[in-house]
Amino acid sequence: MEKRRLSTAEIWTMSFGFLGIQMGFALQNANASRILQIFGADVHELSWFWIIAPLMGLIVQPIIGYYSDKTWGRFGRRKPFFFAGAILASIGLILMPQAEIFIALLPALWVGAGMLMIMDASFNIAMEPFRALVGDNLRTDQRTAGFSVQTALIGFGAVIGSLLPYTLTNYFGVSNKNEDGGVPYNLILSFIIGAIVLVGSVLISIFSTKEYSPEELAQFSDEKPISKKESSLFDVIDDFRQMPSTMRQLAFVQFFSWFGLFGMWVFTTPAIAHHIYGLPISDSKSDAYQTAGEWVGLLFGVYNLVSTFYAFALPYIAKQIGRKSTHAISLIIGGLGLISMYFMPNENWLILSMVGVGIAWASILSMPFAILAGSISPFKMGVYMGIFNFFVVLPQIVNALIGGPLVKYVYQDNAIYAIVTSGVSFIIAALLVTRVKDVDDVVKK
């Protein structure tokens, strides 16, 4: 028996929650460093605050994956986790830029870091089951398209989130300043809007998508589902040891891909403010710094917009040359884009750099997951997607620990070199893709 072939509309609504998740994620990526600096964080400490994000992923995603594999009730298998994650993430989005309202209880920097932790944990709670749902509901020949649709929705959401502060100021007259020296008003409003869109988009997925029951999934596979009595959370350790060889090979690709991404997210704002705008590395409150921060949001919007359109092309490119070659070429283009930021004469030329980053980002969000889905059991889709996240978060933790000291002691406060390092990391990941065995890759002859 084979799974039902889903229509294009069904594939889109199934993953629509990613639009809101990534809108919130983009607001965080483009503005968290800026907000934390406004609250008093030193540029060399930024990567240490950002370590919260991968730590939450390391802890949360395998657990959520395990329990979503075992969950089946009146609300479904993955859906309860979508909803819980969306509610908690929306709370973090609303409160992080307004952390100063708690100053009577704790320093704003502490509260801001705490809200960052809540957001990251919650994004992980919501995100991992969406990945597993594609593996649950789609046939093998639709999986690349399914993950590409997720990438497109991620791109749409990220474009909206990245450009929202700039748009509110330049088109709706919302101030990008705060008379008290706090977080600008356009950022506060952007985060509130992001929270509303996050909850709304996840609800669309919940109400429009039907999940297969464990009994139905059993009909699509020769394997038998594992009963709750036969399993425990500690089985995750055994699953880690017994992961498929394809997953082990992809682990190295993921490490260098996400090491590079983390460096870009953390250091782009100080790098551009210092290298392009000529500001002191310690500047975090001048009007020129706020302008640089808004330009970074626009640049992040560019790479996400590019990723959205490139995501539509990925299934066709992969069909012609294979998923491995598609991913390797995309990573090389992204790596060259990051390295080129060092050589750009002004901020406008950085848009060209972001085109390359967008191509790599689209592939990173789809190709590894499409390759992985064909090599794992349908009854362990959730837990293995969660374990696979180890290789997303571990490189971020490594970068979080060493990134600040590298900028301070090795790069002599020139954060642009952290961006160049990220580009080199992408290219290493591209070379490692050639070692991966794609179980069900189909290349058109």
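**View 1. Gly-334 within helix 13.** Gly-334 sits in helix 13, residues 323-340. Helices here are DSSP runs of H or I with at least four residues, strands are runs of E with at least two, and both are numbered from the N terminus. The model is predicted: local features need pLDDT of at least 70, side-chain atom pairs count only at pLDDT 80 or more, and totals for chains, interfaces and linings use all residues. Residues are numbered from 1 along each chain as its sequence is written, and side-chain values use heavy atoms, with hydrogens and water left out. Gly-334 counts as buried because its relative accessibility is 0%. Buried means under 20% relative accessible area, exposed means over 50%, and partly exposed lies in between (1.4 Å probe, protein chains only). Leaving aside residues up to four places away in sequence, Gly-334 touches Gly-356, Val-357, Ala-360 and Phe-426. A contact means heavy atoms within 4.5 Å. Val-159 is 175 residues from Gly-334 along the chain, and their C-alpha atoms are separated by 18 Å.

**View 2. Helix 13 and its cover.** The 18 residues of helix 13 should span 26 Å at 1.5 Å a residue, and the end C-alpha atoms are 26 Å apart, which agrees. The expected span is 1.5 Å times one less than the number of residues. Buried positions of helix 13 include Arg-323, Thr-326, His-327, Ala-328, Ser-330 and Leu-331. Gly-334, Gly-335, Gly-337, Leu-338 and Ser-340 are also buried in this helix. An α-helix has 3.6 residues a turn, so residues three or four places apart point the same way. The cover over the buried residues of helix 13 includes helix 7 (140-172), helix 11 (245-275) and helix 12 (287-321). Helix 14, helix 15 (367-373) and helix 18 (416-433) are also among the covering elements.

**View 3. Ser-353 and helix 14.** Ser-353 is placed in helix 14, residues 350-364. Is Ser-353 buried or exposed? Ser-353 counts as buried, at 1% relative accessibility. Not counting residues up to four places away in sequence, Ser-353 touches Gly-337, Ser-340, Met-341 and Met-344. For helix 14, 15 residues at 1.5 Å each should span 21 Å; the end C-alpha atoms are 21 Å apart, which agrees.

**View 4. Gln-412 and Asp-413 in a loop.** Gln-412 lies in the loop between helix 17 (390-410) and helix 18. Asp-413 is found in the loop between helix 17 and helix 18. Gln-412 has a positive phi of about 55°, although it is not a glycine. Asp-413 has a positive phi of about 70° and is not a glycine either. Gln-412 counts as exposed, at 55% relative accessibility. Asp-413 is partly exposed, with a relative accessible area of 23%.

**View 5. Gln-142 in helix 7.** Gln-142 is found in helix 7. A relative accessible area of 4% makes Gln-142 buried. Which residues does Gln-142 touch, not counting residues up to four places away in sequence? Gln-142 touches Arg-4, Arg-5, Leu-6 and Ile-11.

**View 6. Asp-69 in helix 4.** Asp-69 is part of helix 4, residues 52-70. Asp-69 is buried, with a relative accessible area of 9%. Tyr-384 lies 315 residues from Asp-69 along the chain, yet their C-alpha atoms are separated by 9.9 Å.

View 7. The protein chain has 18 helices and zero strands. Its C-alpha atoms fill a box of roughly 65 × 50 × 40 Å along the principal axes. With 445 residues, a compact globule would have a radius of gyration near 22 Å; the protein chain has 21 Å, which agrees. That radius is taken over C-alpha atoms, and the globule rule is 2.2 Å times the number of residues to the power 0.38. Buried residues make up 61% of the 445. Of the contacts between residues at least 6 apart in sequence, 83% join residues at least 24 apart.
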